[in-house]
Amino acid sequence: MTDFSRYSLKLENLKCFGVGSEGFESIKPINIIIGRNNAGKSTLLDIIPSLTNDRYECPSILRRNNNKDPCVYLGVRLTPDLLARQFKETERGGAYVNFRNLQHFSQRLHDLNAILKFSPRGLTCQTVEKTEEWSRNLLGNGIADCLNRVGLCITNPFLGLRFHRLHPDRSLKPEEDRPLDVIGDGTGATTAIQRYLTKDHLPPELIQKTLLNQLNEIVQPDAEFSEIVVRQDEDSKKWEVFLNEVSKGRIRLSQSGHGLQSIILVLVHTIVLTHGDGDGDLSGHLFGFEELENNLHPALLRRLLKYLSRIARNHGGTFFLTTHSHVAIDMFRRDSEAQILHVTHDGDNAKARTLTTYIHHNGVLDDLDIRASDILQANCVIWVEGPSDRIYVNRWIEIASNGELEEGIHYQCVFYGGRLLAHLNGSDPDELDDEGVKILRLNRKACIIIDSDKRAQQTPINLTKRRIEQEVNEMGGEVWITKGKEVENYVPALIFQNALELTVEPQVGLYDDAFTKIECVAEGVGERYRKKKPLLAEKVTTLINEHNWVIHDLDQQVMKICDRIRVWNNVREN
């Protein structure tokens, strides 16, 4: 399977991209391309089919209206296994006389980036970064020879892969018998389904079970289908796909919503057209899907994107998704296997920037005219005191739900800060009073986790916390006031010891200050992490697993929150 993470892909003088190469700094399993209409998102997909052929040729439709040649550049990180193809230990002398042999010289290239240009002749190495450092001792035509050898080391990673495209305007229509070739507008998908259901050399269960089961996983609980069939009209001779919906009976797919058609088109590309590669192997396939959010409810879009994310991880597919939807930003902005590329256009040229910071993400939201009211209505908000609590809560929910519930998809954590609790208000947001911040105006489906701050069993919970508890409970939310002093009291002492590499377990009782107890066994450590609570939380949560996480009433409280999240997301427990 090709490791695309070592490659970059840049365009220059291609359609809307002008002077100065722009594109992907790296290629990940999920590549989200966001930008305004006509910014240049589709151009990044248009070039991919040309890269999969033996002989690269830039399509005339992509040529920019100037006298400069269109260029596509491949960047690659040089590794010993690549360089060993041309830089041999047995070869020495010539331009490399100042080195023991070519392999000795190639060590200077390790982890540098080479930039290669696609041309009808293949890949030609243009440059290697830090040229002045490694070329100082090369003789005569040594640099040119080195660049040529580097070019010969690297093969085109796109060569021979199949590229599947879905355009923004797409549908699944009745069709006469035609060659099996699905194109970007959906033409051919009905034929693909029909052939697997009617031809004896093809397995019908690929449609009747695999595709149908995956369809139901995406559309439930909004709908459920018990059967997928095809019928041929006697007069027109066209085949049409029908779905048998449990509550409505048989429906023509061509007369159903375009959102449902889009989901089935995605499944046709990822399941049917890749069949035969063995056990769902998608490593030989690239997918370019445009604006999947068209006619899809955000909840359906989340489930569809989650499906794509799962098969990219488990089966090796590489996806390029153009979108205007904030749902994709929410889902993938912290995903190590995904990246978000922001494409902008200044009127003359397109630019592409990989988003890496919070400020970058804000710029995308501004560009797409997405407002806080559009993105903060997550299916569930969990109010936590601060960043460290969020880290613990996310890990506990991950364990309790067996990885089923994820922040950014099913819920979102929001910080309130302990001292600000008195200013929160969980009462009906339509009541005419101005007391505090309305929790439920931000999101009516709210959980809140509150440190009890108890220093002994008999210490009462203060009135502010009891008020919040009552107000949120009355509105159907969920409140968890910690049994012990604070969230850190739910960390077993042995985990503290291992995470901080202490020689002695800190004996943290239910009402103890955890940082004081750590300080007692390791002077300076407790106070250092009191100031760096998120860092401690990161260390601790890497050691928490399904076998050691339960302490006090933790499992009961987290399960309550998981149950509430499932209800608010219409998710059935696995």
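A residue is called buried here when its relative accessible area is under 20%, and exposed when the figure is over 50%. Lys-465, Ile-468, Glu-471 and Val-472 are the buried residues to look at in H16. Looking down the axis of H16, these buried residues sit within an arc of 135°, so they line one face of the helix.

The protein chain runs to 574 residues, 53% of which count as buried. Its accessible surface is about 27,300 Å², with 45% of that belonging to carbon and sulfur atoms. Among contacts with a separation of 6 or more, 66% are between residues 24 or more positions apart.

As for confidence, the mean pLDDT is 86, and 90% of the residues reach 70 or more. Two stretches call for some care. Over residues 426-438 the pLDDT is below 50, and this stretch has 28 contacts in the model beyond near neighbours in sequence. Residues 372-376 also stay under 50, with 9 contacts beyond four places in sequence. Where pLDDT is low, the predicted coordinates should not be read in detail.

Helix H10 covers residues 298-315, and its 18 residues reach 25 Å from the first C-alpha to the last, close to the expected 26 Å. Its buried residues include Ala-299, Leu-300, Leu-301, Leu-304, Leu-305, Leu-308 and Ile-311, and Arg-302, Arg-303 and Tyr-307 are also on the buried list. What do the buried residues of H10 pack against? Their partners are strands E3 (30-34), E11 (285-290) and E12 (318-323), along with helices H8, H9 (258-272) and H11 (326-332). Just after H10 comes Gly-316, with a positive phi of about 85°.

Strand E12, one of those packing partners, contains Thr-318. This threonine counts as buried because its relative accessible area is 6%, under the 20% cut-off. Leaving aside neighbours within four places in sequence, Thr-318 is in contact with Phe-4, Ile-27, Lys-28, Pro-29 and Asn-31, and also with His-285, Leu-286 and Phe-287.

Most residues other than glycine have a negative phi, and most peptide bonds are trans. Asn-13 has a positive phi of about 55° without being a glycine, and Asn-402 likewise has a positive phi, near 55°. Are these two asparagines buried or exposed? Asn-13, in the loop between strands E1 (7-12) and E2 (22-24), counts as buried at 5% relative accessibility. Asn-402, in the loop between helix H14 (387-400) and strand E16 (412-415), is exposed at 73%. A cis peptide bond turns up between Gln-220 and Pro-221, with omega at about 10°. Pro-221 belongs to the loop between helix H8 (205-219) and strand E8 (225-232).

Another loop proline, Pro-168, lies between strand E7 (162-166) and helix H7 (189-198). Pro-168 counts as partly exposed because its relative accessibility is 25%. Once residues up to four places away in sequence are set aside, Pro-168 touches Glu-290, Glu-291 and Asn-294. Pro-168 and Asn-294 are 126 residues apart along the chain, with their C-alpha atoms separated by 7.4 Å.

Finally, the cysteines. A disulfide is a covalent bond between the sulfur atoms of two cysteines. Counting as disulfides those pairs of cysteine sulfur atoms within 2.5 Å, the total comes to 0. Cys-413 is buried, with a relative accessible area of 9%, and Cys-16 counts as buried at 12%.

Technical notes
Residues numbered from 1 in each chain as written. Predicted model: local features only at pLDDT ≥ 70, side-chain atom pairs only at ≥ 80, totals over all residues. Heavy atoms only, no water. Helix = DSSP H or I, 4+ residues; strand = E, 2+ residues; numbered from the N terminus. Buried < 20%, exposed > 50% of the residue type's maximum accessible area, 1.4 Å probe, protein only. Contact = heavy atoms within 4.5 Å. Expected span 1.5 Å × (residues − 1). Areas by Shrake-Rupley, 256 points an atom, 1.4 Å probe, with all protein chains shown as cover. pLDDT = per-residue confidence, 0-100. Arc of directions from axis to C-beta.
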